[in-house]
Amino acid sequence: MTQRVYSVVLLLCLGLMCPLATGIFMDKLASKKLCADDDCVYTISLARAEEDYNAPDCRFINIKKGQLIYVYSKLVKEKDSGEFWAGSVYGEQYEDHMGTVGYFPSSLVSEQHVYQEANKTVPTTDIDFFCE
C-alpha cells in the first residue's frame with residue numbers, strides 16, 4: 001500500500017513539473033543558418049523595418065514600418081526559398097521587455113548597426129521551426 005501511494009505521488013509530481021508541451025513542428029525554411037556564435041544567442045545586428053509585414057504563420061513575426069528588430073540569425077538561402085532572418089521586435093508598449101522571436105523577410109529591413117559578423121554556419125533544428 002505504501003509503495004502504491006509513493007508511486008502515485010511521484011507520478012503527480014512528475015506531471016506537475018513536466019507539463020505536456022503543446023505545439024507543432026512546422027516545415028523547415030532552411031537547413032542552415034548564419035550566426036555570431038555556435039548557439040545563435042548573440043545579437044548580430046540591429047535592423048529597421050522599411051515596410052509592414054504580416055506573419056503568414058507562427059514561425060514568423062509581424063513587423064511595422066520603422067520598428068527596430070534585433071537580428072540573431074540569418075537563414076542560408078536555399079533553392080526556391082526566400083531569404084529570412086530571425087529576430088525580435090520591441091513594440092512601443094513593451095520597450096523594456098524582450099519581444100517575440102520569429103522570422104521575417106530580409107528584403108523588408110535595412111541593417112542599421114552590425115554588432116558582430118554572422119560567420120558561424122550552424123545547422124537548423126526542428127525546434128527552430130516549432131510553434132506553440
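Is Phe60 buried or exposed? In this predicted model, where local features need pLDDT of at least 70, side-chain atom pairs count only at pLDDT 80 or more and totals for chains, interfaces and linings use all residues, Phe60 is buried, with a relative accessible area of 10%. Here, buried means under 20% relative accessible area, exposed means over 50%, and partly exposed lies in between (1.4 Å probe, protein chains only). Residues are numbered from 1 along each chain as its sequence is written, and side-chain values use heavy atoms, leaving out hydrogens and water.

A search of the whole structure gives 5 aromatic pairs. Rings of Phe, Tyr and Trp (its six-membered ring) pair if their centres lie within 6.5 Å; planes under 30 degrees apart count as stacked, over 60 as edge-to-face and the rest as tilted. Among these pairs, Tyr53 and Phe60 are edge-to-face because their ring planes are at 65 degrees, with the centres 6.4 Å apart. Tyr53 is buried too, at a relative accessible area of 14%.

Phe60 also pairs with Phe84: the centres are 5.3 Å apart and the planes at 65 degrees, so this pair is edge-to-face. The pair links distant parts of the chain, 24 residues apart, with Phe60 in the loop between β3 (45–49) and β4 (68–75) and Phe84 in strand β5 (residues 84–89). Helices (H or I, at least four residues) and strands (E, at least two) are DSSP runs, numbered from the N terminus. Phe84 is buried, with a relative accessible area of 16%. Through ring pairs, Tyr53, Phe60 and Phe84 form a cluster.
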